[in-house]
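Dear colleague,

I am passing on the structure we spoke about, together with a short account of what was found in it. Please read the account alongside the coordinates.

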Amino acid sequence: MWTTSLPPFIGVVLGTVASLVGQFLQGRASERAEARSSERERAEARRNERLTHLVAFLCAVQEAERVAVDRYQHNETDTQWQMRARQALDRVWVTQKTIHMVCASEVNEAAREAAFAVQDVIRKGPGEAGEQPQDEMVWQAISPSRRAYLDVAATYLSEVEHGAGGPTMPPELRPDGTGPTPAAR
């Protein structure tokens, strides 16, 4: 009797084991796919956050450029202009600091250089008056650092988008201490 019922019993046991193993493997594959999808969503959200801060910085620099042009082309120096200048520079530096927190150090450095350039133009002027209009001199004084910032930011976003992107946290803030010491403003 054992010989006639043993093969079907073994077949049932093997079928059950195979079914359970298949369900287990399918569940794991599903979990991995869900984890990859979740990671892609988080990466896209981080990229969008960084993009928002990079654009906010660019807007702040643009406003500060307008303040400098108003000063040096239209000779505005009144209290209202001075308040606009302080507010514009404050916005530039606050947005630069957010870039420091959410982007790689090379992006932060480019933003700092652009912030210093626009600050110098507002405080010291674009240089000696010559044949060029003052607004063009303001833009020429700021343009190299702005261009460097745009180039570094574009490269950074491209790298982040294509998976090579830098650290989630800038090196200066890493708890393992591998980054350089933060540069003071």
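This is a predicted model: local features need pLDDT of at least 70, side-chain atom pairs count only at pLDDT 80 or more; totals for chains, interfaces and linings use all residues.

Residues are numbered from 1 along each chain as its sequence is written, and side-chain values use heavy atoms, with hydrogens and water left out.

**Overall fold**

The protein has 4 helices and 0 strands, and its pattern along the sequence reads α-α-α-α; helices (H or I, at least four residues) and strands (E, at least two) are DSSP runs, numbered from the N terminus. Of the 185 residues in the protein, 31% are buried, where buried means under 20% relative accessible area, exposed means over 50%, and partly exposed covers what lies in between (1.4 Å probe, protein chains only).

For each helix the expected span is 1.5 Å times one less than its number of residues. Helix α2, with 24 residues, reaches 35 Å from its first C-alpha to its last, close to the 34 Å expected. Its buried residues are W81, A85, A88, L89, V92, W93, T95, Q96, T98, I99, H100 and V102. T98, which lies in this helix (residues 79-102), has a relative accessible area of 17%, and its side chain reaches the backbone oxygen of T95 at 2.6 Å. That is a polar contact, a pair of N or O atoms within 3.5 Å; within protein, one must be able to donate a hydrogen and the other to accept it, and residues adjacent in sequence count only if both atoms are side-chain atoms.

Helix α3 has 20 residues and reaches 28 Å between its first and last C-alpha, close to the 28 Å expected. Just after this helix, G125 takes a positive phi of about 95 degrees.

Helix α4 (residues 134-161) has 28 residues that should span 40 Å, and its end C-alpha atoms are 39 Å apart, which agrees. Even so, α4 bends by about 45 degrees at S143, with a proline, P144, following within four residues; the bend at a residue is the angle between axes fitted to the seven residues ending there and the seven starting there.

**Salt bridges**

The structure holds 8 salt bridges, each being a side-chain nitrogen of Lys or Arg within 4 Å of a carboxyl oxygen of Asp or Glu. In one of them the side chains of D70 and R84 meet at 2.8 Å, N to O. Because D70 lies in helix α1 and R84 in helix α2, this pair ties together parts that are 14 residues apart in sequence. D70 counts as buried at 17% relative accessibility, whereas R84 counts as partly exposed at 25%. Both residues belong to a network of salt bridges that links E63, R66, D70 and R84.

Two further pairs each lie within a single helix. E109 and R112 meet at 3.6 Å, N to O, and both lie in α3 (residues 105-124), 3 residues apart, about one turn of the helix. E109 is partly exposed, with a relative accessible area of 34%, while R112 is buried at 9%. R147 forms a salt bridge with D151, the closest N and O atoms being 3.9 Å apart, and these two lie in α4, 4 residues apart, again about one turn. D151 is partly exposed at 42%. An α-helix has 3.6 residues a turn, so residues three or four places apart point the same way.

**Helix α1 and its surface**

S38 lies in helix α1 and is partly exposed, with a relative accessible area of 28%; a polar contact of 2.8 Å joins its side chain to that of R42.

A nonpolar surface patch of about 830 Å² is made by L6, F9, I10, V13, L14, V17, V21, F24 and L25. Patches are made of residues with over 30% relative accessible area and no salt bridge, like charges being joined within 9 Å and nonpolar side chains (Val, Leu, Ile, Met, Phe, Trp, Tyr) within 5 Å, and accessible areas come from the Shrake-Rupley method with a 1.4 Å probe, where for residues only the protein chains shown count as cover. F9 lies in helix α1 (residues 2-74) and is exposed, with a relative accessible area of 54%.
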